[in-house]
Amino acid sequence: MAWPFTPLVSFLAGLTPKITAEFLNSVQSAVNAVARPGYLDQTRCKYLCPDSATAQVVVSATMTKDAATSQIVFCEYASATLTPAHLTPTPAMTWPTSRWLYAYLVCTNGVASFEVSETAPYTTIARTPLWKTADETRRYLVSFYSDGSGNLYRGGSICGRYTYGDRVPVVSVGVGSTSLVPTSIATAVPPHALHVEIQGYGDSTYTSSNVVYVTPDGVGSISTFPILFVWTAYSGSGDRPWATGSLTLPLLNLDSIQWRTTSTGVSSLVINVMGWEE
C-alpha cells in the first residue's frame, strides 16, 4: 500500500533523522487528504425556533476558514440565540419581512461568532450548502423564513432536516383540477432544499373515488404520479367523504410542485408543507 498507509521513513530512537523535502511534502498532502472531505461536509447543527422571534442554534465542532487569517481552522462547539441584532450588514430591531434568512458561523482568530444574512449559501457542490455565497469565511448553519409580519416559522432542525411546528399552507382550493396545477412552495422551502414533506386533507363531492396526485415536476402521468390521498365515492347526500394523507417528495424543480385530482368535484382541498431537507 502507498503512503500514508505505508510509512515513507521509519524513524529509530537515538538517531538523527533525515527529513527530506519528499517526506515533508507527503505529510502535507496526507493532512490535506484527511481534512478536505471534512471541510466539504455540511456542518452539523441543531436549530430551534420556539417563539417566532428568535432562532436558537447549536453547532458541533467544525472546520472553517478563519476570517482574520484565511487559514482553515478547527472551530470548537458553539451556540447562540439569534435575533435581528445578528443581521448583517446592518443589525436591526425586527426581522425583515417575506424572505429567507441564513445563519452563518464566523471564526475570527479562533473565536466563534454568528451572523444572519439575506445572502443565500453557496450550493454548487452537490447542492450542499457549505458557506455564504462569495465568502468562504462564513460557514453555513441553517435557513429560516420570516413571514409578512416579520415572524419566523416555528420549528426546528437536526443536521439539515427541518420540521415545522405549524402547518405552512401552499394550496387551499374549493374545486379540483383535472390538469396539473404548478404551485410555488418558495415561502415554505428555500431554493437549495432537496426534499419536502407535505400533508393534505379535504372533502370530495365526486360520485366515484377521487384521487389527489402531487408530483415534483409534472413528468409522467396519473399512472406514475405519487398519490397524496384518495376520497371514496360520494353518495350524493349526507356527509361528504373526507380524507388526509402525507408524502415526501424530491424537489426536482427547485421550490415548486404540481397537483391535480381525478375530478373537479372537490369541496375543499388543503396542502401544507410540514418540513423539508437540505
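Are Y47 and Y162 buried or exposed? Y47 is buried, and Y162 is buried too. Here, buried stands for under 20% relative accessible area, exposed for over 50%, and partly exposed for what lies in between, using a 1.4 Å probe and protein chains only. Before we go further, please keep in mind that this is a predicted model, in which local features need pLDDT of at least 70, side-chain atom pairs count only at pLDDT 80 or more, and totals for chains, interfaces and linings use all residues. Residues are numbered from 1 along each chain as its sequence is written, and side-chain values use heavy atoms, with hydrogens and water left out.

Let us stay with these two tyrosines. The ring centres of Y47 and Y162 are 6.2 Å apart and their planes meet at 50°, so this pair is called tilted. The rule is that rings of Phe, Tyr and Trp (its six-membered ring) pair if their centres lie within 6.5 Å; planes under 30 degrees apart are stacked, over 60 edge-to-face, and the rest tilted. The pair brings together distant parts of the chain, since Y47 belongs to strand β1 (residues 45-49) and Y162 to strand β11, 115 residues apart. Strands (E, at least two residues) and helices (H or I, at least four) are DSSP runs, numbered from the N terminus.

Now widen the view. The count of aromatic pairs by this rule is 15. Ring pairs join Y47, W95, W100, F144, Y145, Y153, Y162, Y164 and W276 into a cluster.

You can find W276 in strand β18 (residues 266-277), and at 3% relative accessibility it counts as buried. The side chains of W276 and Y164 are joined by a polar contact of 3.2 Å. A polar contact is a pair of N or O atoms within 3.5 Å; within protein, one must be able to donate a hydrogen and the other to accept it, and residues adjacent in sequence count only if both atoms are side-chain atoms.

Next, look for empty space. Rolling a probe the size of a water molecule over the atoms shows where empty space is left. How many cavities of 30 Å³ or more does a search of the whole structure find? The search finds one. On a 1 Å grid over the protein atoms alone, a cavity is a set of points where a 1.4 Å probe fits but cannot get out, and lining residues have an atom within 4 Å of a point. The largest cavity holds about 70 Å³ of space, where a volume is the space filled by probe spheres set on the points, and grid points are joined across faces, edges and corners.

Which residues line the largest cavity? They are Y47, W100, S143, F144, Y145, Y153, G155, G156, Y162, T163, Y164 and W276. Two or more lining residues come from each of β9 (135-146), β10 (155-158) and β11 (161-173). By class, the lining has eight nonpolar, four polar and no charged residues. In this scheme Ala, Val, Leu, Ile, Met, Phe, Trp, Tyr, Cys and Pro are nonpolar, Asp, Glu, Lys and Arg are charged, and the others, Gly among them, are polar.

The charged end of R139 sits over the ring of Y39, 5.2 Å from its centre; the test asks for NZ of Lys or CZ of Arg within 6 Å of the ring centre and within 35 degrees of the ring normal. T62, in strand β3 (residues 62-65), is buried at 8% relative accessibility, and a polar contact of 3.5 Å joins its side chain to that of T43.

The backbone has some details to spot as well. T88 and P89 are joined by a cis peptide bond, with omega about 5°, and P89 lies in the loop between β5 (78-82) and β6 (99-108). N109, in the loop between β6 and β7 (111-117), has a phi near 50°, a positive value in a residue other than glycine. N109 is exposed, with a relative accessible area of 57%. C159, in the loop between β10 and β11, also has a positive phi, near 50°, and at 34% relative accessibility C159 is partly exposed.

Finally, visit the segment before α1 (21-39), where K18 is placed. K18 is exposed, with a relative accessible area of 68%, and its C-alpha lies 44 Å from that of Y122, 104 residues away in sequence.

How values were computed:
1 Å grid on protein atoms, 1.4 Å probe; cavity = no way out; pocket = protein on both sides within 12 Å on 5 of 7 lines; lining within 4 Å.
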